[in-house]
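Please open the model in your viewer and keep the sequence panel beside it. The stops below are meant to be selected one after another.

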Amino acid sequence: QAPVLTQVPDQPGTANALHFDGVNDFVNMGSSATLRASNLLTIEAWIRPTGTGSGGGEGGIIVNKEGEYEIARFADGTIRWAFMNSNPGWAWINTGYVAPLNEWTHVAVVYDNGDVRTYADGELVHFFDGAGLIGDVHVGLDQLRIGDRSSALQRFQGQIDEVRVWT
């Protein structure tokens with residue numbers, strides 16, 4: 001089911017945000033080769049969570065390219081990411097940053113040759129000294145999804161706007 005387009009007045013960058021119900025809403029952006037990354041990648045989005053998401057303790061996905069890269073807001077509110085590389089490998093890393101319920105937060109995760117920087121509202125909130133190129137541990141599950149992932153039920157609950165994935 002397609003997410004509901006809502007108007008969010010007086011919020012910078014959020015005039016046409018998508019609303020995700022945490023049950024069956026997500027956006028499939030396809031599996032274009034232009035969405036693959038190796039050593040440089042930035043993922044950013046405005047989020048306004050209204051609940052914990054459908055993934056139990058793992059909350060809801062903001063952006064996912066299964067087996068390559070993903071960002072989520074877990075049920076405890078923390079922003080976590082995963083990149084398939086040599087360190088830390090395909091594993092969730094907890095940034096410790098809590099994105100509050102019912103408030104807009106700009107989240108950006110920057111991957112630079114293994115080093116990962118996480119920003120919230122323009123402030124550096126976490127740094128990880130990692131290593132390796134981004135690979136693909138789930139070949140064949142190459143769709144870029146917003147608000148969900150293809151290998152597990154982990155749907156975002158709230159609004160997401162202005163998603164950008166770029167190298």
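What follows is a tour that begins with confidence and then visits the sheet, the core, the aromatic rings, one threonine and some backbone details.

**Before selecting anything**

This is a predicted model, in which local features need pLDDT of at least 70 and side-chain atom pairs count only at pLDDT 80 or more, while totals for chains, interfaces and linings use all residues. Residues are numbered from 1 along each chain as its sequence is written, and side-chain values use heavy atoms, with hydrogens and water left out.

Colour the chain by pLDDT, the predictor's confidence in each residue on a scale from 0 to 100. The chain average is 91, and 91% of the residues score at least 70. Then select residues 4-10, where pLDDT stays under 50 and for which the model has 18 contacts beyond four places in sequence; a contact here means heavy atoms within 4.5 Å.

**Stop one: the six-stranded sheet**

Strands are DSSP runs of E with at least two residues, numbered from the N terminus, and two of them pair if DSSP finds at least two bridges between them. With those terms in hand, select the open sheet of six strands, whose order is E3-E12-E5-E6-E7-E8 with antiparallel pairing. Strand E3 (27-28) and strand E8 (93-98) stand at its edges with a single partner strand each, so one side of each is left without a neighbour in the sheet.

The hairpin of E5 and E6 has three residues between the strands, and in it Gly67 takes a positive phi near 80 degrees. Six of the six residues of E5 are buried, where buried means under 20% relative accessible area, exposed means over 50%, and partly exposed lies in between (1.4 Å probe, protein chains only).

**Stop two: the nonpolar core**

A nonpolar core is a set of buried Ala, Val, Leu, Ile, Met, Phe, Trp, Tyr and Cys residues joined through side-chain atoms within 4.5 Å. The largest one has 27 residues, and those with the most contacts inside it are Leu41, Ile47, Ile62, Tyr69, Trp81, Phe83 and Ile160. At least two core residues come from each of strand E4 (40-49), E5, strand E6 (69-73), E7, strand E9 (105-112) and E12, with E4 giving the most, namely four residues.

Centre the view on Tyr69 and display its contacts beyond four places in sequence, among them Leu41, Val63, Phe83, Trp90 and Leu144.

**Stop three: the aromatic rings**

Rings of Phe, Tyr and Trp (its six-membered ring) pair if their centres lie within 6.5 Å; planes under 30 degrees apart count as stacked, over 60 as edge-to-face and the rest as tilted. A search of the whole structure finds four such pairs. Trp81 and Phe83 form a tilted one, at 5.4 Å centre to centre and 50 degrees between the planes. Phe83 and Tyr111 form a tilted pair too, at 4.7 Å and 45 degrees, and this pair links Phe83 in strand E7 with Tyr111 in strand E9, 28 residues apart. Phe83 counts as buried at 0% relative accessibility, and Tyr111 is buried at 1%. To show the whole cluster, select Trp81, Phe83, Tyr111 and Phe128 together.

**Stop four: Thr95**

Move to Thr95 in strand E8. Is Thr95 buried or exposed? At 6% relative accessibility, Thr95 counts as buried. Its side chain reaches the backbone oxygen of Ile79 at 2.6 Å, and a polar atom of that side chain lies 3.2 Å from the backbone nitrogen of Tyr97.

**Stop five: backbone details**

Select Asn87 and Pro88, which are joined by a cis peptide bond with omega about 20 degrees; Pro88 is in the loop between strand E7 (78-83) and E8. Finish with two non-glycine residues of positive phi: Asp121, near 50 degrees, in the loop between strand E10 (115-120) and strand E11 (123-129), and Glu162, about 50 degrees, in strand E13 (residues 157-166). Asp121 is partly exposed at 43%, and Glu162 is partly exposed at 31%.

Key
Polar contact = N/O pair within 3.5 Å; in protein donor to acceptor, adjacent residues only side chain to side chain.
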